[in-house]
Amino acid sequence: MVETSKTATLVIDDKRIELPVQQGTCGPDVVDIGKLYAKGDIFTYDPGFTSTASCESSITFIDGEEGILLHRGYPIGQLASKSHYLEVCYLLLYGELPTTAELEDFENRVTAHTMLHEQMTYFFRGFRRDAHPMAIMVGVVGAMSAFYHDSTDISDQWQREVASIRLIAKMPTIAAWAYKYSIGQPMVYPRNDLDYASNFLRMCFSVPAEDYVVDPVLARAMDRIFTLHADHEQNASTSTVRLASSSGANPFACIAAGIACLWGPAHGGANQACLEMLREIGTVDRIPEYIARAKDKEDPFRLMGFGHRVYKNFDPRAKVMKESADEVLELLGVEDNETLKIAKQLEKIALEDDYFAEKKLYPNVDFYSGVILDAMGFPTSMFTPIFSLSRTVGWIAQWKEMLNDPVQKIGRPRQLYTGAESRDYVDIETR
Ligand code: SDX
């Protein structure tokens, strides 16, 4: 953060309050209001945090007007085409692209932690078979704090590192086992000779009764989807992880809180909701009906996978995802995918419509991801668990950054109170 000589002056009645302005590397400056209440006995008010920076961070930068997404300065398009997920994990966690030796060491550390404590298999069996895999993810990740006591003390740097590696390593196993449990198939153990994405695909789609060879096309597509979802600045689930962590809660409990928040259809749950919407639309000729509903103020229906709090231009991840959808479906020989056809036509019609243009609503990361995951054989219920798996590294990187921030303290917002003023209790006989 760069202290500037600039100040913002707030004039309220006869009071003038000078507030310092801070500058970052890129993006808007911030007005530091930390002393506003003490100086002026007044709060700021910003439901949904539309104009509020909650922290200083050097991990991810988004320019919503230009449709730019940088991880430690590297554009997402370059990372998606030139890098791979575990290398992006290293970049997000440690700030720089790794050397060959650093990457090999990191990949070996992750590979060595992919198995779960055997007792946890019984934890899965406590759920109904029809439990949503996200319910299982929230429960099992939270329960990790009951199994990995040697990596819950956040004051210990070594324990933070072990918890970070354990979470990144075990999320594919947890997500895959949640899937296997939901379809009544035996859980498949990870294999250390497979790369991260291939391991996940094998744990999801192999059965003990026959050999399973991971399709390298699917593995590449899976890895790219992981990369595209890795981190995204101070989104709702990341802010949840930061707020939970600010009380000193253990990392497993905080990541479980992030998973719970991501589940919502306005956030990471949109990928499942979007594919279900595309299926409900069913044919291209029904698109105008749904566009009209999305524009109708009286109708709560929204185009899932469309719009974004920050992007007022194309979500750069959606662009890469759209290209990947074409490539994966062609390589899978999925000709004439009706869902993809509807998605593309829906995007075209929406972007030509004044309503979406005026409100700057564009496809976001969730618009095309479901088409690919569906073509790869995943049920819609597994879309958000895959998002959670991918975003775990982003949550952890932001968690570690917050713990190392000298100014961090417990997050405790205030409010604008509009309830009853003080009044005396009334006995029930006289009410
Ligand atoms: C993710 O924050 C992140 O970075 C999240 C994420 C990440 O990587 O972590 O990018 C992942 O969550 C992507 C977003 C996935 N959600 C969806 O696709 C659900 C559908 N989208 C919307 O619900 C909405 O666009 C949000 C929640 C994404 C953003 O909501 P905002 O910023 O609070 O905007 P808003 O709800 O105030 O909408 C502004 C206007 C409203 O109209 P008016 O009241 O001004 O007349 O745009 C309209 C909305 O009605 N609008 C839509 C719309 N999204 C917004 N109208 C129709 N369809 C939509 N999808």
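Trainee: What should I know before I start?

Mentor: This is a predicted model, in which local features need pLDDT of at least 70 and side-chain atom pairs count only at pLDDT 80 or more, while totals for chains, interfaces and linings use all residues. Residues are numbered from 1 along each chain as its sequence is written, and side-chain values use heavy atoms, with hydrogens and water left out.

Trainee: How many helices and strands are in the chain?

Mentor: There are 18 helices and six strands. Both are DSSP runs numbered from the N terminus: helices are H or I with at least four residues, strands are E with at least two.

Trainee: What radius of gyration does the chain have, next to that of a compact globule?

Mentor: The radius is taken over C-alpha atoms, and the globule rule is 2.2 Å times the number of residues to the power 0.38. For 431 residues that rule puts a compact globule near 22 Å, and the chain agrees, with 23 Å. The C-alpha trace spans about 80 × 65 × 55 Å along its principal axes.

Trainee: What share of the residues is buried?

Mentor: Buried means under 20% relative accessible area, exposed over 50%, and partly exposed in between, using a 1.4 Å probe and protein chains only. Here, buried residues make up 47% of the chain. Take S245, in helix 10 (residues 236–246): S245 is buried, with a relative accessible area of 1%. Contact means heavy atoms within 4.5 Å. Leaving out residues up to four places away in sequence, S245 touches C254, W399 and M402.

Trainee: Which residues have the most contacts inside the largest nonpolar core?

Mentor: A nonpolar core is a set of buried Ala, Val, Leu, Ile, Met, Phe, Trp, Tyr and Cys residues joined through side-chain atoms within 4.5 Å. The largest one has 114 residues, and F200, M222, L303, M376 and F378 have the most contacts inside it. Helix 7 (residues 157–182) gives the most to this core, with 13 residues. Beyond four places away in sequence, the residues that F200 touches include M222, F378 and L389.

Trainee: How do I read one face of a helix?

Mentor: An α-helix has 3.6 residues a turn, so residues three or four places apart point the same way. In helix 4 (residues 100–111), L103, F106 and V110 are buried. Seen down the axis of helix 4, the buried residues fall within an arc of 65°, so they line one face; the arc is that of the directions from the axis to the C-beta atoms. T100 and A101, on the other side, are exposed. Helix 3 (85–94), helix 7 and helix 8 (196–205) are among what covers the buried residues.

Trainee: And how do I read a sheet?

Mentor: Strands of a sheet pair through backbone hydrogen bonds, either parallel or antiparallel. Two strands count as paired if DSSP finds at least two bridges between them. In this model, an open sheet of three strands has the order 1-2-3, with antiparallel pairing. Strand 1 (2–12) and strand 3 (30–31) are the edge strands, each pairing on one side only.

Trainee: How many bridges join strand 1 to strand 2?

Mentor: Eight. Strand 2 (residues 15–23) pairs with strand 3 over two bridges, with V31 as the bridge partner of V21. That hairpin has six residues between its strands, and G27 takes a positive phi near 90°.

How values were computed: The expected span of a helix is 1.5 Å times one less than its number of residues.
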